[in-house]
Each structure stands twice: as structure tokens, then as C-alpha cells.
Amino acid sequence: MASLVSIQQHAANSMIISSNFNSKISHSISADSVTLKSSSPVKPLCAYAIPNPKVYRNTRFVKKQRNPSSNEQEPKTGTGHSQNTNDPLRGNTQLESLDVNLLSLCKEGKVREAIEYMGQDASASAGYDVFSSLLDSCGNLKSIEMGKRVHELLRTSAFVKDVELNNKLIEMYGKCCNTRLARKVFDQLRKRNLSSWHLMISGYAANGKGADGLMLFEQMRKTGPHPDKETFLVVFAACASAEAVKEGFLYFEIMKNDYGIVPGIEHYIAIIKVLGSAGHLIEAEEFVERMPFEPTVEVWEALRNFAQIHGDVELEDRAEELLGDLDPSKAIVDKIPLPPRKKQSATNMLEEKNRVSDYRSTDLYRGGYEKMKGLNGQMREAGYVPDTRYVLHDIDEEAKEKALQYHSERLAIAYGLISTPPRMPLRIIKNLRICGDCHNAIKIMSKIVGRELIVRDNKRFHHFRDGKCSCGDYW
């Protein structure tokens with residue numbers, strides 16, 4: 001079970017996450033917040049319920065139990081019979097108490113504590129909202145190990161076959177850059193709804209595997225539900241991820257002719273993104289001019305952003321001018337000079353073996369520093385040539401090459417290589433955009449060490465494997 005609960009915002013942070021979490025975690029439970037009580041036998045709420053469940057009650061939400069030897073009379077209902085508080089039709093007090101307990105922990109960001117409590121024989125009694133909140137939290141934290149633990153608990157619960165919770169599993173694994181596990185959940189679903197297909201295709205697109213998303217859409221056309229407007233939005237996102245321009249226009253025509261769906265402004269913007277991602281800016285501008293209605297602010301904003309990415313200054317200025325005519329406030333905000341940003345120092349957060357370490361200096365890497373030296377020789381033999389354009393300091397070429405060797409993401413990878421078992425994928429989360437030299441270096445490193453190296457920068461996921469990256473060298 002993962003140990004990561006929350007990640008503090010640091011400048012230039014990189015976090016490496018390994019998937020070896022077999023050691024058992026113990027956690028002290030505060031006596032004034034949650035206590036473990038053994039309940040009296042109650043009626044099972046469903047076929048999956050445990051006859052004598054142990055639940056965690058928060059004393060703030062549980063009423064004081066009556067003493068059986070007391071002379072107080074039992075409260076009676078209108079029919080003269082004693083009230084059955086465990087009647088499944090009325091709801092179970094223990095279940096409601098547990099749900100309030102765990103939901104409050106999730107809202108407070110204490111995801112790991114909630115998972116630990118559930119893991120101690122209480123998972124069968126946890127409610128739907130608890131699992132839903134936990135899966136959302138794990139996806140937002142991008143903590144795949146905690147997500148796997150929630151998945152294990154879901155398998156032993158009454159909601160194991162619930163379609164919506166399985167959809168949340170697919171979404172969570174997609175956010176945690178593990179499309180393999182997301183697809184495994186998808187394939188095991190006996191009853192899939194339209195959202196199941198959307199989330200799986202969207203997960204492929206977000207992780208740079210748009211081609212796989214398009215293959216899945218073809219499967220959906222043959223055996224799945226009837227596509228709708230939302231379906232083609234995720235399909236166009238997959239086309240943009242794979243830079244599949246021809247397929248994008250093909251599906252645009254299929255949407256209109258085969259399924260009778262009238263394209264909305266969101267579909268035209270999606271096609272602009274397909275063209276812009278592939279660098280076809282002239283075609284994107286022509287497509288805007290051929291639209292059956294006047295371009296909106298979102299259209300010119302998308303075109304301007306792609307012009308900025310690809311360095312087309314003339315198109316950027318033209319789109320900026322038209323954007324200002326439609327929405328002056330946007331243009332004015334964009335042109336306000338901002339104060340110079342503070343220089344961001346390289347820091348890394350490393351999660352492995354059930355602990356999180358925050359690295360702010362190369363001195364703390366020790367073993368990783370030495371490992372990086374050994375890798376540099378192998379990388380040069382494999383064809384790596386340092387690109388010193390990414391070093392902005394006024395130093396000589398040799399010093400620039402040395403500075404590139406110890407960029408934070410490389411050191412995080414090196415430390416992960418010596419602290420995790422062989423062949424295990426490494427996951428690094430960095431809050432800055434990865435530089436071009438590190439991108440080339442990590443591609444070569446993935447081929448040398450024979451591992452999948454997953455880097456999440458502030459733009460997208462990069463899955464490095466066998467000397468290639470899922471982004472296709474475009475990010």
C-alpha cells in the first residue's frame with residue numbers, strides 16, 4: 001500500500017514512484033477520533049456482507065448504547081413493536097457511522113488513513129460514496145499504489161460489479177499513467193456503458209497512446225454502444241495525441257454522415273487541436289475560415305496557442321488581434337507585463353519503499369550521483385550527444401555538459417535505479433517542463449537499463465521505453 005498522502009508544492013519538484021509496496025504499514029490510531037468496536041450480530045445487508053463485521057466508529061457520530069439491565073423501556077413504534085435499528089430498509093447505523101468517518105477523512109486529505117482503516121476487516125461495510133471519494137482522491141494525487149490498494153478493497157466489497165465504480169477505476173489508472181491496468185479493468189467489465197468506452201479512450205489519449213485509443217474506438221463501432229457527441233470528442237483527442245490528421249478528418253465525416261451528428265463548436269476546436277498538434281498551422285487556419293459559423297474566442301485562442309508552440313509569430317499576432325476584437329479583456333490580461341519569476345531550484349520528491357523523500361540538493365543523492373556518472377559513459381557509447389543550448393549559465397562547454405548530467409530528473413532516475421528491483425518501472429513527477437536534452441537522454445537511458453521510465457512534467461505524460469517516448473518527441 002502506498003505511503004503517499006499529499007505532495008507539497010515545491011519549485012522544480014520531481015517525484016519518483018516505484019511499484020514495490022509489499023511491506024506492511026502500521027499506523028497509530030488516535031483514541032479520540034476513531035475506535036475499533038466489535039458489534040453484536042446483525043442482519044447482513046446483502047449477499048456480500050459479513051455476518052459479524054467490525055466497523056470503525058467515530059464517537060462524534062455514534063449514539064450512546066443503552067444498558068440492557070436498565071429499567072428504561074425500549075422506544076416503540078406506532079404499531080407497538082420495538083424499533084429495529086438494523087433493518088436494511090431503514091439503513092444500518094454502523095454503516096452510516098463508518099461512511100461519515102471515512103468520508104470525513106477523504107475530505108481532509110487523509111487518504112492513506114482511510115485506506116488503512118478499511119483494510120482492517122471493514123471494507124465489506126464501506127459505502128458507495130467512500131469508494132467513489134477514495135478513487136477520486138487517488139487519481140488526483142496520481143498515487144497508483146494507493147489506487148491499487150483501494151482496488152483490492154473494492155474486490156472484497158458489495159460493489160465489486162458496480163459499473164460506475166469500475167469506471168472510476170479506469171479513470172484513476174489513466175490519471176496515474178497506467179493504461180495497462182486501466183485496460184485490464186475495462187476488459188473485465190461484463191456490462192460496459194458509454195462512459196466506460198469514453199474513459200478508456202481518453203486515458204489512452206492523455207498518456208500519449210492515441211493509436212491504441214483509435215483501435216479501441218473501432219472495436220466500439222463493431223461491438224459497443226452507439227457513439228454520441230462526447231464519443232467523438234475523445235476520439236479527436238486520441239487523433240491529436242497520435243498526430244493522426246487523416247484519421248481525424250475521416251472520423252469527422254463519419255460523425256456527420258454515418259451517425260447523423262451535427263458538429264458543434266467543440267468538435268471544430270477538437271479538429272483544430274488535431275491539426276495544431278501535428279504542426280499543420282496553415283491547414284488549421286484554412287479550416288477555421290471554412291467553418292459554417294463565425295469563429296469564437298476559444299477558436300482563436302487555440303490557434304494562437306499552437307502558433308506560440310510552433311514559433312509562427314505572424315499567425316500568433318493575427319490570432320491575438322482577432323482574439324482581442326472578440327474579447328478585449330483576454331488580450332489586455334495577456335499583455336499586462338508580469339513581474340519576473342523567481343529562479344526555481346531543482347528539487348525532487350522520491351517515493352519508494354513506503355516512504356517519501358524530498359531532495360533539494362545534489363549532495364543528498366550520494367549513490368544516485370555515482371550511478372549517473374556510470375550511465376554517462378554508456379549513454380555516449382549509445383549515441384548521446386549533450387545539447388548545451390539548454391544551459392543558460394555563462395560557463396565553458398565542458399562545464400555545461402557536466403551541468404546537464406545532473407539535472408534533477410536524471411538524478412531521480414539514477415537514485416531509483418539503485419534503490420528498486422531490476423525491471424521495475426519508475427515514475428517521476430516534475431512540476432516543470434522537461435528540457436530537450438533530458439528528453440533525449442532519458443530515451444537512451446530507458447534502452448540501456450531495460451526499464452519503462454514514466455515522467456510527468458507540467459505538460460503531459462512521457463512513457464520512455466526501448467529508446468522511444470510516447471509523445472513522439474512533441475510536447
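Predicted model: local features only at pLDDT ≥ 70, side-chain atom pairs only at ≥ 80, totals over all residues.
Glutamate 243 sits in the loop that links helix 9 (229–242) and helix 10 (245–257). I looked up its backbone and found phi near 55°, a positive value in a residue other than glycine. Most residues other than glycine have a negative phi.

I then went to lysine 142, which lies in the loop between helix 3 (128–141) and helix 4 (144–155). Phi of lysine 142 is near 55°, again positive in a residue that is not glycine. Its relative accessible area is 26%, and I noted lysine 142 as partly exposed.

Next I checked leucine 181, which I placed in helix 6 (residues 179–188).

Asparagine 207 was my next entry. I found it in the loop between helix 7 (194–206) and helix 8 (210–223). Its relative accessibility is 0%, so I recorded asparagine 207 as buried. Which residues does asparagine 207 touch, not counting those up to four places away in sequence? I listed Gly174, Cys177, Thr179, Arg460, Phe461, His463 and Ser470. For glycine 174 I have a distance as well: its backbone oxygen lies 3.1 Å from a polar atom of the side chain of asparagine 207.

Last, I looked at how helix 13 (residues 297–310) and helix 14 (residues 313–326) pack. Their axes come within 8 Å and cross at roughly 155°. Angles over 145 degrees count as roughly antiparallel, so I described helix 13 and helix 14 that way. I noted the crossing of helix 13 past helix 14 as left-handed. On the helix 13 side, I listed Val297, Trp300, Glu301, Leu303, Arg304, Ala307 and Gln308. The residues they meet in helix 14 are Leu315, Glu316, Ala319, Glu320, Leu322, Leu323 and Leu326. I sorted the residues of this contact by class and got 9 nonpolar, 1 polar and 4 charged.

Notes: Residues numbered from 1 in each chain as written. Heavy atoms only, no water. Helix = DSSP H or I, 4+ residues; strand = E, 2+ residues; numbered from the N terminus. Buried < 20%, exposed > 50% of the residue type's maximum accessible area, 1.4 Å probe, protein only. Polar contact = N/O pair within 3.5 Å; in protein donor to acceptor, adjacent residues only side chain to side chain. Contact = heavy atoms within 4.5 Å. Axes fitted to C-alpha atoms, helices over the stretch in contact; angles between N-to-C directions. Parallel < 35°, antiparallel > 145°, perpendicular 65-115°, else oblique. Left-handed = near helix turned anticlockwise from the far one by under 90°. Nonpolar A, V, L, I, M, F, W, Y, C, P; charged D, E, K, R; others polar.
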